[in-house]
Amino acid sequence: MALLALRALPLVDAIESSNDTSHTRRDGWVSAPDGRGTFDILWSCLFTIFLCTWVSLHLNVPADHETYRHQFARKMRWMLQSIMAPEFVLAFATGQKVEAKRSVELFKDLALPSGRPKWTLRHGFYANMGGFVLHPRESTPFPVNSKQLHWLIHQGYVDYPTLTAKEVWDKSKADGFQKSLTCLQTGWFIIQIIGRAIQQLPITTLEITTLSFVLCTLVMFTQWANKPLDVESPTILTSSKSTAEILIAAGPSAGPPYQQTPLDFIDNQSPSWLTEVQPHLGFRTGPRIRPLPRFTNDRFPVIGAGPDAVFLFLFTMAYCGLHFVAWDFSFPTDMERSLWRAASIAIAACAFIFWVCETYQDGHRLGRWERWYANWFNGGMDGRINTMEKVRRSRRFIPVWEVYVMTPVTLIYTVARTYIVIEVFLCQRSLAIGCFDTVEWTEFVPHF
């Protein structure tokens with residue numbers, strides 16, 4: 001469906017036409033005396049990719065003991081992840097926005113103290129990224145998210161935060177120059193691609209891949225628009241009660257040993273790759289200190305089945321379908337073209353299978369399908385639905401069938417995506433001669 005939609009666009013038709021008629025090739029490094037050369041193509045794309053994958057990342061608050069080197073290494077790892085699978089980073093961003101919106105609804109039932117600021121999306125993002133750290137009496141401090149903070153306020157253990165939305169944003173290290181530079185560069189890149197398509201000039205696979213990063217970045221910016229950037233110092237919340245006293249007063253629900261923080265019985269930050277999936281598979285885990293000194297950035301997005309999930313699914317498939325634009329491009333060899341086509345199909349198919357499996361398992365894990373069934377066919381079963389909610393955390397996080405299905409899907413996706421990333425650079429050794437022509441911008445100026 002994504003392929004058919006893309007082929008219906010005039011832009012795609014122009015690109016295909018230009019590449020079909022460009023049989024003459026230039027091999028090796030090409031200088032740029034009269035047009036654009038190999039360096040111009042590489043610099044434009046790599047600089048754009050760097051801005052898209054570095055500036056757009058909004059990571060959670062680091063632990064208090066972490067050095068700049070730890071934080072830099074973490075951001076580099078996430079930058080690499082953004083290059084290998086930008087659609088998954090976009091899924092994390094969308095999930096965080098959905099959780100922030102849920103926190104706004106959750107805090108509406110609290111009696112707002114006089115003079116206290118209204119809870120906003122910025123507060124939700126800030127809380128869920130580890131912006132609030134609880135310091136119980138004579139106990140180890142640990143971060144609390146919006147659900148846990150709501151419970152603490154409701155129980156009277158902490159006061160409602162006095163932080164305003166503006167004060168939350170003041171903690172952000174958002175660099176206006178960096179974001180402006182990113183917007184200018186990505187905007188100019190898009191204009192260049194459109195200009196080349198209109199004038200039927202060949203476009204390289206590297207430029208098509210870069211365009212996919214640009215589109216993901218623009219959406220990520222909108223999803224993270226209210227999330228503070230590079231916050232280093234959290235807000236401290238003190239409590240006159242110790243952690244043990246809070247857990248004893250909570251009753252049997254707080255009895256089982258916690259896995260992440262003492263408030264796991266309110267929200268256990270599930271599911272997360274570092275703290276749940278890796279231990280389940282026997283891999284080396286992430287933060288080993290308990291309670292967690294920081295919230296990890298890889299909590300799987302619990303988006304639900306609303307408009308956000310539909311939008312993310314459609315955009316993910318559109319992103320995967322963008323690789324099909326190069327289906328009939330001129331490649332250095334026929335084998336490389338065939339491998340590109342196979343990789344494009346594999347990426348789209350794996351993304352679809354992942355969405356189907358994860359949507360089903362997420363609904364099963366949260367009891368969504370049972371609730372829907374009860375609401376549709378057995379009205380008035382509130383007691384049964386509440387019971388489902390209480391036992392949902394005891395279900396196996398990763399069933400055996402999902403391991404068997406997702407392991408080969410993940411491997412196939414990784415191989416296909418790795419080939420795409422490598423091939424866009426290999427193609428630079430031999431490009432259609434028209435790839436080095438520049439857009440004649442004067443042709444867009446009306447002549448009278």
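Author: The buried residues of helix α3 are Thr-38, Ile-41, Leu-42, Cys-45, Thr-48, Ile-49, Leu-51, Cys-52, Thr-53 and Trp-54. This is a predicted model. Helix α3 covers residues 38–54, which makes 17 residues. From its first C-alpha to its last, α3 reaches 24 Å. That is close to the 24 Å expected at 1.5 Å a residue.

Now the aromatic side chains. The structure holds 20 aromatic pairs. One of them joins Phe-50 and Trp-54. A pair of aromatic rings is described by the distance of the centres and the angle of the planes. Phe-50 is partly exposed, with a relative accessible area of 37%. Trp-54 is buried, with a relative accessible area of 14%.

Trp-54 also pairs with Phe-72. Here the centres are 5.7 Å apart, and the planes make an angle of 55°. This pair is tilted. Trp-54 belongs to helix α3, whereas Phe-72 belongs to helix α4 (residues 68–84). The pair therefore ties together parts that are 18 residues apart in sequence. Phe-72 has a relative accessibility of 38% and counts as partly exposed. The ring of Trp-54 has a charged neighbour as well. Lys-75 lies over the face of Trp-54, at 4.7 Å from the ring centre. A second example of this arrangement involves Arg-122, which lies over the face of Trp-169 at 4.4 Å from the ring centre.

Glu-66 sits in the loop between α3 and α4. Glu-66 is buried, at a relative accessible area of 14%. Which residues are linked with Glu-66 in a network of salt bridges? Arg-74 and Arg-294 are. Arg-74 forms a salt bridge with Glu-66, and their closest N and O atoms are 2.3 Å apart. Arg-74 and Glu-66 are both buried. Arg-294 forms a salt bridge with Glu-66 too, with the closest N and O atoms 3.3 Å apart. Arg-294 lies in the loop between α12 and α13, so its pair with Glu-66 ties together parts that are 228 residues apart in sequence. Arg-294 is buried, with a relative accessible area of 10%.

The structure holds 11 salt bridges. Another of them joins Arg-429 and Glu-336. Their closest N and O atoms are 2.7 Å apart. This pair links distant parts of the chain, 93 residues apart. Arg-429 is in the loop between α17 (400–426) and β5 (430–432). Glu-336 is in helix α14 (residues 334–365). Arg-429 is partly exposed, at 39% relative accessibility. Glu-336 is buried, at 9%.

Helix α10 (residues 205–223) has 19 residues. It reaches 27 Å from its first C-alpha to its last, close to the 27 Å expected at 1.5 Å a residue. In α10, 16 of the 19 residues are buried, so this helix is largely enclosed by the rest of the structure. Helix α13 (residues 307–322) has 16 residues, and its end C-alpha atoms are 22 Å apart. That agrees with the 22 Å it should span at 1.5 Å a residue. The buried residues of α13 include Leu-312, Phe-315, Met-317 and Tyr-319.

Ring pairs link Phe-107, Trp-119, Tyr-126, Phe-132 and Tyr-160 into a cluster.

One loop position also deserves a look. Ile-266 is in the loop between α11 (243–250) and α12 (273–281). Ile-266 is buried, with a relative accessible area of 18%. Its C-alpha atom is separated by 9.6 Å from that of Leu-149, 117 residues away along the chain.

Last, the surface. Trp-188, Ile-191, Ile-194, Ile-198, Trp-441 and Phe-444 make a nonpolar surface patch of about 580 Å². Trp-188 lies in helix α9 (residues 176–198). Trp-188 is partly exposed, with a relative accessible area of 43%.

Notes: Residues are numbered from 1 along each chain as its sequence is written. This is a predicted model: local features need pLDDT of at least 70, side-chain atom pairs count only at pLDDT 80 or more; totals for chains, interfaces and linings use all residues. Side-chain values use heavy atoms; hydrogens and water are left out. Patches are made of residues with over 30% relative accessible area and no salt bridge: like charges are joined within 9 Å, nonpolar side chains (Val, Leu, Ile, Met, Phe, Trp, Tyr) within 5 Å. Accessible areas come from the Shrake-Rupley method with a 1.4 Å probe; for residues, only the protein chains shown count as cover. A salt bridge is a side-chain nitrogen of Lys or Arg within 4 Å of a carboxyl oxygen of Asp or Glu. Helices (H or I, at least four residues) and strands (E, at least two) are DSSP runs, numbered from the N terminus. Buried means under 20% relative accessible area, exposed over 50%, partly exposed in between (1.4 Å probe, protein chains only). The expected span of a helix is 1.5 Å times one less than its number of residues. Rings of Phe, Tyr and Trp (its six-membered ring) pair if their centres lie within 6.5 Å; planes under 30 degrees apart count as stacked, over 60 as edge-to-face and the rest as tilted. A charge sits over a ring if NZ of Lys or CZ of Arg is within 6 Å of the ring centre and within 35 degrees of the ring normal.
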